[in-house]
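Subject: Structure handover

Hi,

Here is the structure I promised to pass on. Please open it first, then read my notes below.

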Protein chains: 4
Amino acid sequence: MNDSVRVGFIGLGRMGQAMAARVLAAEHDLVVYNRSVEKVRELVKGGALPASTVAEACQEREVVISMVTDDNALREVTLGPKGIKASLPAGAIHLCMGTHGAAVIQQMAAAHNDAKQTLVAAPVLGRPEAVTAGLLNIVAAGPEEAVRKCEPLFKAIGKRTFNAGTKPEGAIAIKLSNNFVLGCAIEAMAESFSLIRKYGVSPQVFYEVLTEGLFAAPAYKVYGKIIVDESYDKVGFSTMVALKDAKLIFEAAEIARVPLPSGSVWRDRLLSAVAHGEGDLDWAVMARDQGRCSGLE
Amino acid sequence: MNDSVRVGFIGLGRMGQAMAARVLAAEHDLVVYNRSVEKVRELVKGGALPASTVAEACQEREVVISMVTDDNALREVTLGPKGIKASLPAGAIHLCMGTHGAAVIQQMAAAHNDAKQTLVAAPVLGRPEAVTAGLLNIVAAGPEEAVRKCEPLFKAIGKRTFNAGTKPEGAIAIKLSNNFVLGCAIEAMAESFSLIRKYGVSPQVFYEVLTEGLFAAPAYKVYGKIIVDESYDKVGFSTMVALKDAKLIFEAAEIARVPLPSGSVWRDRLLSAVAHGEGDLDWAVMARDQGRCSGLE
Amino acid sequence: MNDSVRVGFIGLGRMGQAMAARVLAAEHDLVVYNRSVEKVRELVKGGALPASTVAEACQEREVVISMVTDDNALREVTLGPKGIKASLPAGAIHLCMGTHGAAVIQQMAAAHNDAKQTLVAAPVLGRPEAVTAGLLNIVAAGPEEAVRKCEPLFKAIGKRTFNAGTKPEGAIAIKLSNNFVLGCAIEAMAESFSLIRKYGVSPQVFYEVLTEGLFAAPAYKVYGKIIVDESYDKVGFSTMVALKDAKLIFEAAEIARVPLPSGSVWRDRLLSAVAHGEGDLDWAVMARDQGRCSGLE
Amino acid sequence: MNDSVRVGFIGLGRMGQAMAARVLAAEHDLVVYNRSVEKVRELVKGGALPASTVAEACQEREVVISMVTDDNALREVTLGPKGIKASLPAGAIHLCMGTHGAAVIQQMAAAHNDAKQTLVAAPVLGRPEAVTAGLLNIVAAGPEEAVRKCEPLFKAIGKRTFNAGTKPEGAIAIKLSNNFVLGCAIEAMAESFSLIRKYGVSPQVFYEVLTEGLFAAPAYKVYGKIIVDESYDKVGFSTMVALKDAKLIFEAAEIARVPLPSGSVWRDRLLSAVAHGEGDLDWAVMARDQGRCSGLE
């Protein structure tokens, strides 16, 4: 096949597996690596070659995709003794699709540049189910030619790819900003639901006013419903994980010298929730924390 | 006609005229009053009877609708020497459809109660064009029977009516909270657009990421576009008017003892914008103010 | 006596009585008025003439001092049918020594100007005990000549007078700003005491570090001690009264278009305290509210 | 001499040199180490023994004092291959007197514990001049016996030592909280000076009202004067350094789950100042940033 790309894939959590499966389905030549080896099985059945080390997953690859959990893991697989930088051929691309901090992305970009490799950052917007359904959105940034080379992979993995420019950290800025706006929306609901409750109004009615009017969008429908139902124990995204995201957001803002006063409000809310033992509940539990501050709980 | 209601209508600004026209079109018996008399003309041509005083607009009416600009005007037409309270028959309803503060609504409700009249608060969500197109949403609250009696009018004027309970100020709480959430959404965009700009990302791309994803709703589409285009001089809702709204929101929150930290953020933003001479621009100009704080303008 | 001024004094609460007593002791010609007449007794024994109306307290006076509880009371005694404006001779001075809002002061200044009278605003810093001990500080502002004419009275009443310029609202701005800085100091302690407590540190030790170092001042000594002792029920200044002050501060800031983000933080704190039934405790109870948000209480 | 302690001293910046000189003057047995060797000279003249490695500075020492610039430097000298942990005798004490984060202190305490050594954290409050004048305050925390063993050194170096309990990070919490309260005080002045300026009041007068009243303390006298004089270029503590401190404060607060809303306000202020090119000015320049937001600059 003409367009077939030689791909390595490192990091097979739930998202990684779903994404790698789509790369395979698009008939690219795929080598897969994961620290705990059992997660490789399904993909190998489907035709992927298993690698037993990061280095092996980089050999003769045109593109190595990483989808690892956090900045430390990214640093390790990239800069470690037999990591991506040390193992990837010159001219090849490290396509980093996890959600990472702006600082580590800048550091990786420089490191790969030293090794005549290229970093493309392409964090994704969506969950494993969206990947499987072909509905994932991708935000990609990096040197133009490198981004172009990744396009067949973006087509394989997602629905739409947004171009965030030539600096990898630009894609990070968009991904984190999208999460930031979501945090603000939840906090806005938290505050306003407390207000209408204290005026004796039914939360369900206010929910309908919002979501059938100016705020007829998933952010408000999904999280507003959790707040109305107080179903914080069905966890889509936990308070603790949101706090980690907040950390990346504030790091990016500090690097760029941008005050984020609304962000401070909801980060404080998350901290207070964790201080009340709600770290493992869905982050919409911010609404309960606001309720406490309003004398409602 | 069986369902025809004897209605008085006080306050014929752009919204009031459009609403009264719909009352008339639904064949209710309509008397209209406005301080400057020329605004009555069109409606009188259409079959409404002109009143030359507030008192006249109340005579033998089952319902008097008020749609006046602010709390002071409401106090005046309601409690003034020949105002609604003094002129409306016992048993009749004052249907207050303007956006007012919780305090004044509580005060009016008590006053009408003393006169054996009833106050129903039913602020609206939408602009004159929405009224004319029959797309207006209404939030109504007040004693059950009184709200029921107003239903033919709600049907005449709007598309959908949300029931906010039996206390008139409940409807106010919803209307103000809806505006509050909108202010938060604009502020969230203001902050995040500054962030992505400092990472060299195109505002248009971030706009698409938001509005084709979690935030595919009018609030983000309309105001995000103004921010991307920097078209703050096409004013839908000015900074100064938004500041007035903020005042009502904070008054309502103070009465109910609800902290609104996100609200303080965007009210400060409005104040700063006004301090920079941007009081007459659209309130999306908050994004420019945030840009200033980020060293961007 | 040459310097003797013909003074009227309106408003004999605890502060007013203490201040009037000093005016009397300095041998000025004093007429006193209070709504509830028994508060006049002590001063009359000391040589003051009792007035039975505001108008009477203004007759032939060079200066009328007002020391009333709030903005509504000030409007009433000043602009009411037989109020100060209507009764004070042209050329005379209304010396307003209560703590009022910037808006009402601007309104009064204009009203007196219309009547060829002059408003001097001179709010005070201190409590009744400080007055009696001759330790009161005064902040005075108004037209230069008028302020100069009031100087014998400032000398009689206080220790030191700060000159806040020629606009009466300037004195208001200083008085409110001083309270504002105090609120910020209490909030800063509230937050930091929570932090050190969560690290297992004794509040008393942190109190000593603060007050024997950079913060060796009454604001920290007095309020820090209340926080360490959790003696919120010995009320110097209650949460509810502080909330009123916050309202005046935010009104002044809105008029001047000045964002006060730190102020919003402590006003929210007060609201939350009131929502928890702590409105009648000393406002240092902000520290307990912060403790709640930190999972400490 | 009976009380003489065998001391190693690592890190001879301006503070370190001044502190080591006092250790020497108190006739303790002192070995000194610094990366750039010329800083050792003066102390060696005074009787200290020079060490050419960290390891050498640890040999046969009862206490090794570290006074290094930041968390990375501390990690390196402590945990590096021939660092303090590897070199200090069992039973000896690492007395860490720099200002560090809570996380690194917890990590060091655990590491030393593994090596049967003890960590005492004892950050200081004051500048080099205060050290030389014998006016330094110290905040010490760690296992009781270890703190007791350090007392002769505290006496040698400082004026007063505050006991922050048995966990080293407790001392850190106090040091950072003290800086936090200072940031809040400067921000409070920033906001209030903008307010009074917009009412036409002289900053000098407001400065006097504050510092001769409730705020008669160094924090307000020193920083208030910088604000009144706008002498931001005489830098005691720069915006960039303050931003580093803010980072440590927020890290400590996040570990302990304590929201710091006032802290977010002044950190945003610092970020905005840096975004305006004021990173190298004194952090009191926050007042100018607030002025900008108020339309004053």
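I began with the domains of chain A. Their centres, taken over C-alpha atoms, are separated by 30 Å. Domain 1 covers 6-166, and domain 2 covers 172-293. Keep in mind that this is a predicted model.

The two domains do touch. On the side of domain 1 of chain A, twelve residues are in contact with nine residues of domain 2 of chain A. Helix α6 of chain A (residues 102-114) gives the most to that side of domain 1, with three residues. By class, the side of domain 1 that touches domain 2 in chain A has nine nonpolar and three polar residues. Charged residues are absent from it.

Next, the sheet in chain A. Three strands make up an open sheet, in the order β7-β8-β9. The pairing is mixed. β7 (124-125) and β9 (160-163) of chain A each have a single partner strand, so one side of each has no neighbour in the sheet. Strand β8 of chain A (residues 137-140) runs parallel to β9(A), and four bridges join the two. One residue pair to look up: A:Ala140 has A:Asn163 in β9(A) as its bridge partner. Helix α9 of chain A (residues 168-198) packs on this sheet and touches β7, β8 and β9 of chain A. The direction of α9 makes about 135 degrees with that of β8(A).

Now the copies. Chain B superposes on chain A by a rotation of 180 degrees, with 0.0 Å of shift along the axis and an RMSD of 0.0 Å. The two copies are therefore related as by a two-fold rotation axis. Within chain B, B:Ala217 comes closest to that axis, at 2.5 Å (C-alpha). Of the interface residues of chain B, 100% are also interface residues in chain A, so the copies meet through the same surface.

Last, chains C and D. Their contact takes 58 residues from chain D and 58 residues from chain C. On the chain D side, the elements that each supply at least two residues include β8 (137-140), β9 (160-163) and α10 (203-211). α9(D) gives the most to the side of chain D that touches chain C, with 20 residues. That side of chain D divides into 36 nonpolar, 15 polar and seven charged residues.

Over to you.

Best wishes

Methods: Residues numbered from 1 in each chain as written. Chains lettered and ligands numbered in written order. Predicted model: local features only at pLDDT ≥ 70, side-chain atom pairs only at ≥ 80, totals over all residues. Pairing = 2+ DSSP bridges. Contact = placed C-beta atoms within 7 Å. Axes fitted to C-alpha atoms, helices over the stretch in contact; angles between N-to-C directions. Least-squares fit on C-alpha atoms with pLDDT ≥ 70 in both. Nonpolar A, V, L, I, M, F, W, Y, C, P; charged D, E, K, R; others polar. Domains from an automatic or database assignment.
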